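The sequence and structure come next.

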Amino acid sequence: MIEEAFRRTGVRRTPQRFFVMEHLLLRRDHATVEELCAAVNRDNAMTSRATVYNTLHALVEAGLVIEIMLDGKAARYDANLEKHHHFICDNCGSVEDVEWFDLPPEMEKKQFRAFEAILRGKCIRCQ
Ligand SMILES: [Zn+2]
Ligand SMILES: [Zn+2]
């Protein structure tokens with residue numbers, strides 16, 4: 001699946017790119033550059049932060065990963081390309097996907113460019 005996505009978008013396969021895609025697809029944890037860097041280095045020591053950053057940049061450019069900014073903190077990365085909203089835990093800061101729902105119909109008459117909701121509360125682990 002990842003190999004195929006790389007072929008389709010013309011992304012050259014490197015171990016780091018494969019690892020980052022796999023991490024984001026399987027864990028769905030909306031990791032930051034720091035978190036991905038730590039995860040890559042657990043497996044494959046000596047990958048610099050710059051390499052992880054360049055890896056993410058290539059994946060975002062290819063449209064395989066989206067960059068999300070929540071709360072003005074460090075960017076987080078998401079390989080879930082389906083339309084969805086996000087939930088942030090007030091306590092541990094974890095970010096989860098929330099199934100898509102549309103704007104109320106009366107608001108759709110206005111010409112909004114984009115709509116993404118951020119829901120807040122306590123995640124199941126913190127309740
Ligand atoms: Zn939590
Ligand atoms: Zn997401």
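What is the strand order of the open sheet of three strands, and what kind of pairing does it have? In this predicted model, where local features need pLDDT of at least 70, side-chain atom pairs count only at pLDDT 80 or more, and totals for chains, interfaces and linings use all residues, the order is 4-3-5 with mixed pairing. Residues are numbered from 1 along each chain as its sequence is written, chains are lettered from A and ligands numbered from 1 in the order in which they are written, and side-chain values use heavy atoms, leaving out hydrogens and water.

Strands are DSSP runs of E with at least two residues, numbered from the N terminus, and two of them pair if DSSP finds at least two bridges between them. Strand 4 and strand 5 (118-121) are the edge strands, each pairing on one side only. Strand 3 (residues 84-89) runs parallel to strand 5 over four bridges, and F87 has L119 in strand 5 as its bridge partner.

D78 in strand 2 (residues 76-78) and D97 in strand 4 (residues 95-99) are 19 residues apart and link distant parts of the chain.

Burial of these two is tabulated below; buried means under 20% relative accessible area, exposed over 50%, and partly exposed in between (1.4 Å probe, protein chains only).

| Residue | Relative accessible area and class |
|---|---|
| D78 | 4%, buried |
| D97 | 27%, partly exposed |
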